[in-house]
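I'd like to talk through its charged side chains.

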Amino acid sequence: MSQSFPDLIDDLNAAIGKFREGAPEPMRGFSMLAREALKPGALDVKTKELIAMGIAVAVRCDGCIGFHAKAAIGAGASRQEILETLSMAIYMGAGPSMIYASEALRAFDELSPQQGAPA
């Protein structure tokens, strides 16, 4: 990512605005989903934004990172809370990769002509 996050957010907001003009109903539905998901309940808004930040890192979405970093700041998240959230995102990026690698090996073994003969 070579663009600054403030510039990225501005560019994305402009692009999203154009998309909203062309597809108002789906975007209205998406906005309603976002409002409902972010309502304080058992989890407060800051916690929900920290979760969103971790997911944004895990799915490698630069725009999501920008939007949710800004929202987390607005919700009162500290730099330490962000660091701990990002540490969990790194951990979860590695853990699921290990699980899926194990499943991929199992698939290979089950589908190979040798019927899963270990190497």
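First, the ground rules. This is a predicted model, so local features need pLDDT of at least 70, side-chain atom pairs count only at pLDDT 80 or more, and totals for chains, interfaces and linings use all residues. Residues are numbered from 1 along each chain as its sequence is written, and side-chain values use heavy atoms, with hydrogens and water left out.

Side chains of opposite charge can pair when their charged atoms come close. How many salt bridges do we get? The count comes to five, where a salt bridge means a side-chain nitrogen of Lys or Arg within 4 Å of a carboxyl oxygen of Asp or Glu.

Let's start with Glu36, which pairs with Lys39 at 3.2 Å between the closest N and O atoms. As for accessibility, buried is under 20% relative accessible area, exposed is over 50%, and partly exposed is in between, with a 1.4 Å probe and protein chains only. Glu36 sits at 45%, so it counts as partly exposed, and Lys39 gets that label too at 44%.

Next up, Glu81 and Lys46 form a salt bridge at 2.8 Å, N to O. That pair links distant parts of the chain: Glu81 is in helix 5 (residues 79-111), Lys46 is in helix 3 (residues 45-58), and they're 35 residues apart. Helices here are DSSP runs of H or I, at least four residues, numbered from the N terminus. Glu81 is partly exposed, with a relative accessible area of 25%.

Staying in helix 5, Glu103 and Arg106 are three residues apart, so about one helical turn separates them. Their side chains meet in a salt bridge at 2.7 Å, N to O. Glu103 is partly exposed at 38%, and Arg106 is partly exposed at 41%. There's a network here as well: salt bridges link Glu103, Arg106 and Glu110.

Leaving aside residues up to four places away in sequence, Lys48 touches Ala37, Leu38, Lys39, Gly41 and Leu43, with contact meaning heavy atoms within 4.5 Å.

Conventions: Helices (H or I, at least four residues) and strands (E, at least two) are DSSP runs, numbered from the N terminus.
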